[in-house]
Amino acid sequence: MPAFQHRIGVQTYQFDSLATLLARASPERSGDHLAGVAAQSAQERVAAQMALADLPLTQFLQEAIVPYETDEVTRLIIDGHDAAAFTPVASLTVGGLRDWLLSDTADSDTLRALAPGLTPEMVAAVSKLMRNQDLILVARKCQVQTRFRSTIGLPGRLSTRLQPNHPTDDPAGIAASVLDGLLYGSGDAVIGINPATDNVPQVMRLLQMLDAVIAQYEIPTQSCVLTHVTNTLQAIERGASVDLVFQSIGGTEATNRSFGIDLALLAEAREAALSLQRGRVFDDDGQRGGHVMYFETGQGSALSANAHHGCDQQTIEARAYAVARRFKPLLVNSVVGFIGPEYLFDGKQIIRAGLEDHFCAKLLGLPMGCDICYTNHAEADQDDMDVLLTLLGVAGVTFIMGIPGSDDVMLNYQTTSFHDALYARRVLGLQPAPEFEAWLQRMGVFDPRRPNQLADAMPAGFAHLLPPP
């Protein structure tokens, strides 16, 4: 007998496992068709969603979609589940959880307390029953704050990663991009470089350069070179100025193995970064900023590594957030359209995936941002990204990317620009992180009399960096 079924008219649809049910209920995307797990028709998708709506949440604690015995991410999810935090929703079905999340009962404090009691599969399941506006409404109620030198995720704030990538890691080119971003008010989440030459000596040179800029101008932000975690560990051992440890992560042990990592290695890296004690000591409580990890994820990474275990890509993506949650990161973001149209075919699929990822991560208690992006061979354009940027801004996204001209000339993909971030802040009435906002005003980048308004002239503190007219 099938484990799950639902009847529509004269036809009964059967789903032989929880993984199959979740996959068939997932909104359409090219990656699930590539994996052979997608619903074969809109009617089958609706049948799966109806069956999923009636499923008790406790089922997710009884049936693992990736085997417990062979997958350390599954063991992390099951063994780390907080039964006490789960109690308020333990009697609900997936559909009941959707209704409860949309109710006024589920306010910010309630959702914060609930987060440890939810598993990634639960939040992935409920997201499959939600319209885009539902994903936005609930995510907006989830408030997650983290800090290192700046405070990320406060209500009414939108932070940015200043991404000054250069195809040859040229210091002058990187410096020009950093200056450009700072003059637009970008960089409060992190100044983060993807190195073109990824080896330890080059990583150390880039870290030294960023540290010197931050120190010279007393910028309340943090730096990161997005290299493999083992390179960062070696850089720390050699005395490098490491603020944040970066790593791409996935939702299965096999995916993470394809990245050359496991949970133990991430734990080692976090402890090494904490030992440096480079975070700011905050006046309000006297505590040092201790969120030292920066993770990136993306729907389709498990499938591209042949490590998806027959599951849909959105559910596996949500499982990556359990890995992130374990290590208390400062920042997490889904690089939503970066992997390509094989996984998210067009603008519609990218927009839906970005809203799902943000919703699922925030509900699990993560400081979630999004690299609102697409590759040049996807059926998407900058108008689609404007829509997703605006929707995520309404949903309370923690941070977005800031790249010169929205075109990353090193990674060769299209994302959001410094100007896009300024647009989002202005149209939605959002501010940078408070410490960074005060710095922008003090340096004369922002006019202190007009929130989010750029000063009329080049700030005096930076004028010497440009050649005379």
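How much space lies in the largest cavity? About 90 Å³. The model is predicted: local features need pLDDT of at least 70, side-chain atom pairs count only at pLDDT 80 or more, and totals for chains, interfaces and linings use all residues. Residues are numbered from 1 along each chain as its sequence is written, and side-chain values use heavy atoms, without hydrogens and water.

On a 1 Å grid over the protein atoms alone, a cavity is a set of points where a 1.4 Å probe fits but cannot get out; a pocket is an open set with protein on both sides within 12 Å along at least five of seven lines; lining residues have an atom within 4 Å of a point. Points are joined across faces, edges and corners, and a volume is the space filled by probe spheres set on them.

The whole structure holds 3 cavities of 30 Å³ or more. The largest cavity is lined by 18 residues, with Gly 300, Ala 302, Leu 303, Gln 313 and Ile 316 nearest its centre. Helix 17 gives the most to this lining, 4 residues. Helices (H or I, at least four residues) and strands (E, at least two) are DSSP runs, numbered from the N terminus. The second largest cavity has about 60 Å³ of space. Its lining includes Phe 60, Glu 63 and Arg 319. Helix 5 (residues 72-79) supplies the largest share, 3 residues.

The largest pocket has a volume of about 490 Å³. Of its 20 lining residues, Phe 246, Ser 248, Glu 296, Val 335 and Phe 338 are closest to the centre. Strand 8 gives the largest share, 3 residues.
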